[in-house]
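Here is a short briefing to read alongside the model. Take a look at the structure first, then follow the points below.

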Amino acid sequence: MIKRHKEFGGIKMADMMNKVVVFLAVDGFEAGAFKSLWECFGNLNASTRIAGFNADDEIKDDAGLVNTHSDMSFDQAGLLTPDVVVIADGITAGAVKDDPAAQSLLQEAFNRRAAIVSVDGGAAMLASMGFINGLTITAPAFLKDEIENAGATLSKEPISVSKNVFSAMGNADLQALCDMVSEYITGKMEQAA
């Protein structure tokens with residue numbers, strides 16, 4: 001199978017047509033990384049969706065600039081078998097890290113080798129999951145104890161990739177993060193062919 005690419009800002013990136021990217025979001029989320037990654041995956045032709053506690057929850061960012069609704073609940077998102085699950089902020093991670101449906105969505109995605117993406121405080125959700133033991137995770141320093149108590153190593157790098165978990169700081173090159181995830185997902189597709 002031939003890998004399809006498209007030009008984006010002078011960088012060749014893998015096309016994610018027919019791939020589903022689910023963003024976990026709750027009212028009051030931090031929009032910075034969310035918006036950057038949403039645009040990037042959208043530009044790669046991925047189907048981008050928002051999962052909340054319930055389908056059609058109103059979701060506004062913490063600054064009141066983004067006002068949208070969730071497409072589906074966490075349970076419904078799990079039925080989609082997404083190729084990528086994104087936790088782009090700490091507010092969302094804090095609100096959902098103890099939610100059984102959100103945990104199930106992430107665990108199932110991890111087991112299928114889907115890409116799990118966290119940015120900044122989104123790593124709090126990773127720390128609540130059992131699958132990061134032995135992995136290297138990029139997260140803010142205030143999450144150091146949580147990350148290490150989960151058996152993971154806190155990275156000082158702006159972006160870390162460990163198995164199928166992609167973690168980054170908000171000031172990292174999120175375009176590069178998106179590119180790494182797209183290459184991983186399309187590479188998985190080619191290996192299966």
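## Surface and overall make-up

The protein chain has an accessible surface of about 8600 Å², and carbon and sulfur atoms hold 48% of that area (Shrake-Rupley method, 1.4 Å probe). Please keep in mind that this is a predicted model: local features need pLDDT of at least 70, side-chain atom pairs count only at pLDDT 80 or more, and totals for chains, interfaces and linings use all residues. Residues are numbered from 1 along each chain as its sequence is written, and side-chain values use heavy atoms, with hydrogens and water left out.

- Of the 193 residues in the protein chain, 50% are buried (under 20% relative accessible area, 1.4 Å probe, protein chains only).
- The protein chain contains seven helices and 13 strands (DSSP runs of H or I with at least four residues, and of E with at least two, numbered from the N terminus).

**Strands around E4**
- Strand E3 (residues 20-24) pairs with strand E4 (residues 47-52) in the parallel sense over five bridges (pairing takes at least two DSSP bridges).
- Within this pair, Phe23 has Ile50 of E4 as its bridge partner.
- E4 also pairs in the parallel sense with strand E7 (residues 72-73), over two bridges, and here Gly52 stands opposite Ser73.

**Helix H4**
- Helix H4 (residues 100-111) has twelve residues.
- Its buried residues include Ala101, Leu105 and Phe110.
- Asp99 caps the N-terminal end of H4, with a side-chain oxygen 3.2 Å from the backbone nitrogen of Ala101.
- After H4 comes Arg113, with a positive phi near 70°.

Note on methods
The expected span of a helix is 1.5 Å times one less than its number of residues. A polar contact is a pair of N or O atoms within 3.5 Å; within protein, one must be able to donate a hydrogen and the other to accept it, and residues adjacent in sequence count only if both atoms are side-chain atoms.
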